[in-house]
Amino acid sequence: MDTLQEDEEYNWREVKLPSLIPVIPEPGLERETGERRRGRDILIAIDHGPNSKHAFDWALIHLCRLADTLHLVHAVSSVQNTVVYETSQQLMEKLAVEALQVAMVRTVARIVQGDAGKAICNEAERLKPAAVVMSTRGRSLVQSVLQGSVSEYCFHHCKAAPVIIVPGKEDGDESLI
């Protein structure tokens with residue numbers, strides 16, 4: 001079993017989200033205290049696949065509430081690759097706008113370099129979120145056993161927060177259950 005080295009460094013780049021997304025002030029919740037009043041940090045692992053979008057939608061509908069902050073994380077092979085960065089930035093901008101429109105939550109985005117599982121666990125350790133949300137990749141059982149999976153790695157190695165693995169959307173299934 002691999003363990004994460006806390007002093008291990010990794011490269012990352014913040015994603016500057018569009019200025020058309022307004023800054024949401026902290027809501028004035030009179031009767032509620034504690035975690036709900038401050039809002040929670042929720043980390044969502046993002047890639048360009050449909051299962052990732054499904055997990056993002058699931059988190060918006062079932063997990064997010066007013067005053068929460070979504071932290072979108074996308075792992076890439078190199079943060080210096082302009083094409084990869086710009087493609088990832090466009091995806092994250094689109095998701096940030098959707099998060100604001102659907103759940104009225106603030107979004108922060110970061111593109112990290114390196115192994116996806118380790119990068120997600122490092123981000124979770126840094127943020128100490130209420131939850132880490134990710135999708136399955138849609139591999140068969142045999143492929144997952146032979147090649148491993150990012151969600152399985154995070155499930156076993158992410159100790160900073162509970163990991164929620166949203167199953168992939170079945171073909172023809174239009175509901176978010």
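Tutor: Buried means under 20% relative accessible area, exposed over 50%, and partly exposed in between (1.4 Å probe, protein chains only). This is a predicted model, where local features need pLDDT of at least 70, side-chain atom pairs count only at pLDDT 80 or more, and totals for chains, interfaces and linings use all residues. Residues are numbered from 1 along each chain as its sequence is written, and side-chain values use heavy atoms, leaving out hydrogens and water.

Student: How many salt bridges are there?

Tutor: A salt bridge puts a side-chain nitrogen of Lys or Arg within 4 Å of a carboxyl oxygen of Asp or Glu. By this rule the count is seven.

Student: D68 pairs with R40 in a salt bridge. How many residues apart in sequence are the parts this pair ties together?

Tutor: The N to O distance is 2.7 Å, and both D68 and R40 are buried. Helices (H or I, at least four residues) and strands (E, at least two) are DSSP runs, numbered from the N terminus. D68 sits in the loop between α2 (50-62) and β3 (69-76), and R40 in the loop between α1 (34-38) and β2 (41-45), so the parts tied together are apart by 28 residues.

Student: Is K53 buried or partly exposed?

Tutor: K53 forms a salt bridge with D57, at 2.6 Å between the closest N and O atoms. D57 is buried at 18%. K53 has 26% relative accessibility, so K53 counts as partly exposed.

Student: Which helix holds E98, the residue that pairs with K53?

Tutor: The side chains of E98 and K53 meet at 2.9 Å, N to O. K53 lies in helix α2, 45 residues away from E98, which is in helix α3.
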